[in-house]
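The following report walks through selected local and overall features of a protein model. Please keep the sequence and the coordinates open while reading.

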Amino acid sequence: MTTRTLLSPATLARPRGKAVYWTVFTGVVVLFALAFLFPVYWMVTGAMKSPDEIAQTPPTIIPKHWHLSGYTDAWSLMQLPEHLWNTVVQAAGAWAFQLVLCTAAAYALSKLKPAFGKLILGGILATLMVPAQALVVPKYLTAADLPLIHTSLLNSPLGIWLPAVANAFNLYLLKRFFDQLPRDVMEAAEIDGAGKLRILWSIVLPMSRPVLGVVSIFALVAVWQDFLWPLMVFSDTDKQPISVALVQLSQNIQLTVLIAAMVIASIPMVAMFLVFQRHIIAGISAGSTKG
Amino acid sequence: MTRTATRSPVEATAERQVQAPPPAGGRGRRRLIDQARAYAFLIGGLICFALFSWYPAIRAVVIAFQKYTPGSSPEWVGTANFTQVWHDPEFAAAWRNTLVFTLLALLIGFAIPFVLALVLNELRHWKAFFRVVVYLPVMIPPVVTALLWKWFYDPGAGLANETLRFLHLPTSNWSNGTDTALISLVIVATWANLGGTVLIYLAALQSIPGELYEAAELDGASLLQRVRYVTIPQTRFVILMLMLLQIIATMQVFTEPFVITGGGPESATVTVLYLIYKYAFLYNDFGGACALSVMLLVLLGVFSALYLRLTRSGEDDL
């Protein structure tokens, strides 16, 4: 049974209540369809119109002739396979680096009591106060010429992977989760002769599946959706992820082809969302109320 | 993993002996090994934070006082960068646009999700459908959203004007008009992001105990009074939290003006972050870019600190 909300079940059960409810319900369905689904429909079908049809006024709601050439042209003309592959490499690497390094660091801070651990955690949490975008320029200069070793991460996927690790939010999420894990299980394993890495691998990680899932989704979405940082890092056109390539190529390409490319660029994240929507929505809802 | 998994029994016994009083001198070494082990786990993350968070933060402040172009040695110039960007005609425009954008985003992008969440929470059917559909735009890459709306705003065959014509309303210049460009971008940002806000509100609304509404209704509170005296006070914490988050996020807006308007027309949509980008990559003036970054950092740091304090104290309340 649902808990009672603003309106009481009794109000809703009355004939007038029922009429108002169904009117509002229909209104919301229509509004959602128009506001959120229609633009997506317009994009998907727009790519299938002919160049003449897409420029005509008034526009056609349903394409007169369905062309798939927009999609095939986008795939070949805009080198979408390369750019998609670049994005996949960048996102997968950022995910892997974040998962390995943030988990290890969070485990150390939570369970291994390193000297200055409190200070380090404080330093990590302090970065939450620094809005990411305000630091992109000095971050870019650092990536362009790493201190001490003087190499450049520009035009290299490492330029995405390593900065992605410096994610205080994900690290703190992991650390807080590890803090809650029962101590006695780990102590028992230690008495049985398990090393720190073994405890992390065989006890902590299997118990942390939910938080690892959340961090994984956050990490993947963040890289896939990012624009400003990859725009700075990749000046080399062939290495650009799809988000940057789309903007660079949008100037001199036919509208139907560009729209088809936009649809293709959206598919991976939308597909992931539709598959994992329960978890993603639950994660957003839970993250809010608990701070 | 293999190393620790296949440790010799000798090593394991050695570890067990630690619990017994250790021989003199052993404790220090033991502690050192523990520390080395802890830092072995920590080091990768630590290096990344040092390189890409701490060092850039310090460097932003240092470079703000230098004449800096990559390749040549930096030169101290005092506050010259600050006075220079201050006198840039785009400086005032960028701050004004950013503040107006943030205010409009708060007005539009804040009220709409709250009302939507209120209505959605009352609906008994198709709940999963509404949640998925409202979050769908959030999952579309921001660049795609921006390009999509750029096409909608097209003064010729754009969907926005077509709709107005269909409704027999006067058409607009949308993102191409000096007075309408900024609000056009706010609409895009609202469309793209409101899904997340709605979901968070929904979660907050669901945690309100039903008895409160029941009691209010028994006392004769009308629908609006129940919203005013039950819903809003009960969700006050989440409202405040999201408001701060939104201020922080919208003040860093970049993708929409970069992709849709290119800062124009006549710098009507140049934002602070866009100006930072221009200084670095168009003028090759990293000192100016860092001076602007520091200003943005100081302002946003205040809101971030407020937000962190709030979530911390909120946690204590829970």
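Which backbone oxygen lies 3.0 Å from a polar atom of the side chain of B:T271? That oxygen belongs to B:V253. The model is a predicted one, in which local features need pLDDT of at least 70 and side-chain atom pairs count only at pLDDT 80 or more, while totals for chains, interfaces and linings use all residues. Residues are numbered from 1 along each chain as its sequence is written, chains are lettered from A and ligands numbered from 1 in the order in which they are written, and side-chain values use heavy atoms, with hydrogens and water left out.

B:T271 is found in the loop between α12 and α13 of chain B, where helices (H or I, at least four residues) and strands (E, at least two) are DSSP runs numbered from the N terminus. The residue counts as buried because its relative accessibility is 1%; buried means under 20% relative accessible area, exposed over 50%, and partly exposed in between, with a 1.4 Å probe and protein chains only. Leaving aside neighbours within four places in sequence, B:T271 is in contact (heavy atoms within 4.5 Å) with B:A94, B:T98, B:V253 and B:P257. The loop between α12 (255-261) and α13 (272-281) of chain B also holds B:P265, and the peptide bond leading from B:G264 to B:P265 is cis, with omega near -15°.

**B:E90 and its partners**

B:E90 is placed in helix α5 of chain B, which covers residues 89-122, and it counts as buried because its relative accessibility is 13%. Its side chain makes a polar contact of 2.9 Å with the side chain of B:K278; a polar contact is a pair of N or O atoms within 3.5 Å, and within protein one must be able to donate a hydrogen and the other to accept it, while residues adjacent in sequence count only if both atoms are side-chain atoms. Not counting residues up to four places away in sequence, B:E90 touches B:S267, B:V270, B:L275, B:K278 and B:Y283.

Chain B has 14 helices and 2 strands, and buried residues make up 52% of its 318 residues. Of the contacts in chain B with a separation of 6 or more, 65% are accounted for by residues 24 or more positions apart.

A nonpolar core is a set of buried Ala, Val, Leu, Ile, Met, Phe, Trp, Tyr and Cys residues joined through side-chain atoms within 4.5 Å. The largest such core has 195 residues, and those with the most contacts inside it are A:F32, A:V137, A:F227, A:L246, B:F254 and B:F258. Its largest share, 16 residues, comes from helix α15 of chain A, residues 255-289. A second, separate core of 5 residues includes B:M241, B:L244, B:Y307 and B:L310. Among the residues that A:F227 touches, once those up to four places away in sequence are not counted, are A:S243, A:V244, B:V143, B:F254 and B:F258.

**Cavities**

A cavity is a set of points, on a 1 Å grid over the protein atoms alone, where a 1.4 Å probe fits but cannot get out, and lining residues have an atom within 4 Å of a point. Grid points are joined across faces, edges and corners, and a volume is the space filled by probe spheres set on the points. By this rule there are 3 cavities of 30 Å³ or more.

The largest cavity is lined by B:L120, B:N121, B:L123, B:K127, B:F130, B:R131, B:L202 and B:Q206. Helix α6 of chain B gives the most to this lining, with 3 residues. The second largest cavity is lined by A:W42, A:K49, A:I54, A:P59, B:W151, B:A157, B:G158 and B:L159. In the classes of the two linings, Ala, Val, Leu, Ile, Met, Phe, Trp, Tyr, Cys and Pro count as nonpolar, Asp, Glu, Lys and Arg as charged, and the others, Gly among them, as polar.

| Cavity lining | Nonpolar | Polar | Charged |
|---|---|---|---|
| Second largest cavity | 6 residues | 1 residue | 1 residue |

**Backbone with positive phi**

A:F116 has a positive phi of about 65° although it is not a glycine. A:F116 is placed in the loop between α5 (80-112) and α6 (117-126) of chain A, and it counts as exposed because its relative accessibility is 63%. B:W126, likewise not a glycine, has a positive phi of about 55° and is placed in the loop between α5 and α6 of chain B.

Terms used: 1 Å grid on protein atoms, 1.4 Å probe; cavity = no way out; pocket = protein on both sides within 12 Å on 5 of 7 lines; lining within 4 Å.
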